[in-house]
Amino acid sequence: SFYYTYIEAWCLGYAWYYLTGGIGIDVASPVTEQTTRATAFYADFTGRRSNGIIAAGSIETFVFWLLTFAANIFLVYRGISKGIEKFVTWAMPLMAVCAIIVLIRVLTLGTPDPAIPEQNVVNGLGYQWNPNFDALTNPQTWLAAAGQIFFSLSVGFGVIINYASYLRKKDDVVLSGLTASATNELFEVGFGGLITITAAFVFLGTANMIGAVQGGTFGLGFTTLPVVFAHMPFGNLIGAIFFFMLFLAAITSSISMYQPSLAFFQEALGWNRKNATTLMIAICLVGSFLVMYFSRDGLFWSTVDDWVGTFLIFTLAMIQIVCFSWIFGIDRGLKEAHHGAQIRIPR
């Protein structure tokens, strides 16, 4: 959560900038210059040029982080039903509406530039969906995929276990697990992938797409897509909706990161919710300050992400599998899971 709420604040900030006029990309200039402008804005806004986010001139970023952090703490402090659950019941449908609006706009782009007929929506969909089976022989593919889905579904964090502890004995964990993972993939691959990759291909073409994808999620989301929105009719509005959708997606995840720690402080220390929240805020402020201060090239948060968001997720997930399989026991575990289940876990 130290760095996740920081990145979450970027999404909120970008949504605000697009709502108030965009980030200053001149569509009349060459694409390379447009990309340079988008990259420069991203570097300035996130403090990648030098350490010290405020010293780097991005006081706006700090304000957006403050708003984001306060919203997270407020929702978690209100509890599972009055805070997290109540927020998610309207945030998720709103996020779906935002995604569908942007997706419809992307899928109706056709061939924006008749001079380059191969850069069309159909070929953009093919770029995403046509399989490259050679990639399956690359161990890095499996590591990246596992890291992504573990992080996305909060496996190895303790988040899912913490949420599960609030269920009743007869609640259907099998169907709930299937529903949660399927819905996650609908948003992440179905909406997110279709929007970002298709739009980027249509406006940038294969050569530029390869560079954008290799630049990773942040390269694609914060430097490539702004160029795409600049070329798109009603681009600023679509950009505002898209980044607000990302913000909603992020905050529904980040509040789940705070909840296990809060529950632990309350139960292990015997503290009330107010005191436990105060301790959690103190710890998070220290971590968040380190992330925002050592912002150059994203070195601090990317290091934390490599160790905590990738390596330790696998380590903790492995420990949990050992506990479930050999300590709790597979047969006992499956019997427990099938209490009240409408469907069974396949053999």
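Which side chains does a polar contact of 3.0 Å join? The views below begin with that pair. The model is predicted: local features need pLDDT of at least 70 and side-chain atom pairs count only at pLDDT 80 or more, while totals for chains, interfaces and linings use all residues. Residues are numbered from 1 along each chain as its sequence is written, and side-chain values use heavy atoms, with hydrogens and water left out.

**View 1. S152 and its partners.** The side chains of S152 and N184 are the pair joined at 3.0 Å (a polar contact is a pair of N or O atoms within 3.5 Å; within protein, one must be able to donate a hydrogen and the other to accept it, and residues adjacent in sequence count only if both atoms are side-chain atoms). S152 sits in helix 6, residues 139-152 (helices are DSSP runs of H or I, at least four residues, numbered from the N terminus). With a relative accessible area of 17%, S152 is buried (under 20%, using a 1.4 Å probe and protein chains only). Leaving aside neighbours within four places in sequence, S152 is in contact with N184 and E188 (heavy atoms within 4.5 Å).

**View 2. The buried side of helix 11.** Look here for A276, T277, M280, C284, G287, S288, V291 and M292, the buried residues of helix 11. They cover an arc of only 130° around the axis, so they lie on the same side of helix 11 (the arc is that of the directions from the helix axis to the C-beta atoms). These buried residues pack against helix 1 (4-19), helix 3 (59-77), helix 10 (235-269) and helix 12 (299-337).

**View 3. The start of helix 11.** Here a side-chain oxygen of N272 reaches to within 3.2 Å of the backbone nitrogen of K274.

Terms used
Buried < 20%, exposed > 50% of the residue type's maximum accessible area, 1.4 Å probe, protein only. Helix = DSSP H or I, 4+ residues; strand = E, 2+ residues; numbered from the N terminus.
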